[in-house]
Amino acid sequence: MSSLEISSSCFSQEMKLPLSPPLVEGSVFEPLEKDMNEVEEKSKDIIKFTAKKLSVDEVSQLVTSPLCGAISLFVGTTRNNFEGKKVVSLEYEAYLPMAENEVRKIYGDIRQKWPVKHIAVFHRLGLVPVSEASIIIAVSSAHRAASLEAVSYAIDNLKAKVPIWKKEMYEESSSCWKRNKECFWATSD
């Protein structure tokens, strides 16, 4: 058994502390019989559109895996201004059957490009007050590069391809539906 010797003028005698506890049969410190590479876990693709407040913790937990060393997140929130106007909230609408189908296509693209484990996209619908999340995207992977690149790809393609519309609500009781310049169906000016 290895030990660490500690001496101090405060102690009247030398003390020895073990560096690690001894292994006891059936203890939690006993090495696992199965190699971690043999552990199988089915990949998850999670899509949720909801009027309820989004939780970063909930979405992060859904993509957590013992096989992964990275979870990358994108959280899009409502900011309080746009072009000099005070924004009080955003309102989102979506054509759900097409939106879900387009998100699934993005998941397929991600899985072809990067070795990721789990993917989740949660998007808020209805009114979203300032500072609250409109969208949370989470991706887990063994290493950070894959999940970081996949999250960036997901938000860029979601904005370009998924039929979700945003209306800005301003303090002076006016509002404006916003054209997403990144959408493939948007006409160029």
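Student: Is Glu171 buried, partly exposed or exposed?
Tutor: In this predicted model, Glu171 counts as partly exposed, because its relative accessibility is 48%, a value that falls between the 20% and 50% cut-offs.

Student: And which side chain does Glu171 meet in a salt bridge?
Tutor: Glu171 meets the side chain of Lys86, with 3.7 Å from N to O. Glu171 lies in the loop between strands E10 and E11 while Lys86 lies in strand E6, so the pair ties together parts that are 85 residues apart in sequence. Lys86 is itself partly exposed, at 42% relative accessibility.

Student: How many salt bridges does the count come to?
Tutor: The count comes to four, and among them is the pair of Asp45 and Arg111, whose closest N and O atoms are 2.6 Å apart. Since Asp45 belongs to strand E3 and Arg111 to helix H2, this pair links parts that are 66 residues apart in sequence.

Student: What about Lys105 and Glu102, how far apart are they in helix H2?
Tutor: They are three residues apart, or about one helical turn, and their closest N and O atoms are 3.2 Å apart. Glu102 is buried, with a relative accessible area of 11%, whereas Lys105 is partly exposed at 45%.

Student: Switching topic, which residues form the nonpolar patch on the surface?
Tutor: Val56, Ile71, Leu73 and Val75 form that patch, with about 260 Å² of accessible area together, and strand E4 supplies the largest share of it, three residues. Ile71, which is found in strand E4, is partly exposed at 34%.

Notes
Residues are numbered from 1 along each chain as its sequence is written. This is a predicted model: local features need pLDDT of at least 70, side-chain atom pairs count only at pLDDT 80 or more; totals for chains, interfaces and linings use all residues. Side-chain values use heavy atoms; hydrogens and water are left out. Patches are made of residues with over 30% relative accessible area and no salt bridge: like charges are joined within 9 Å, nonpolar side chains (Val, Leu, Ile, Met, Phe, Trp, Tyr) within 5 Å. Accessible areas come from the Shrake-Rupley method with a 1.4 Å probe; for residues, only the protein chains shown count as cover. Helices (H or I, at least four residues) and strands (E, at least two) are DSSP runs, numbered from the N terminus. Buried means under 20% relative accessible area, exposed over 50%, partly exposed in between (1.4 Å probe, protein chains only).
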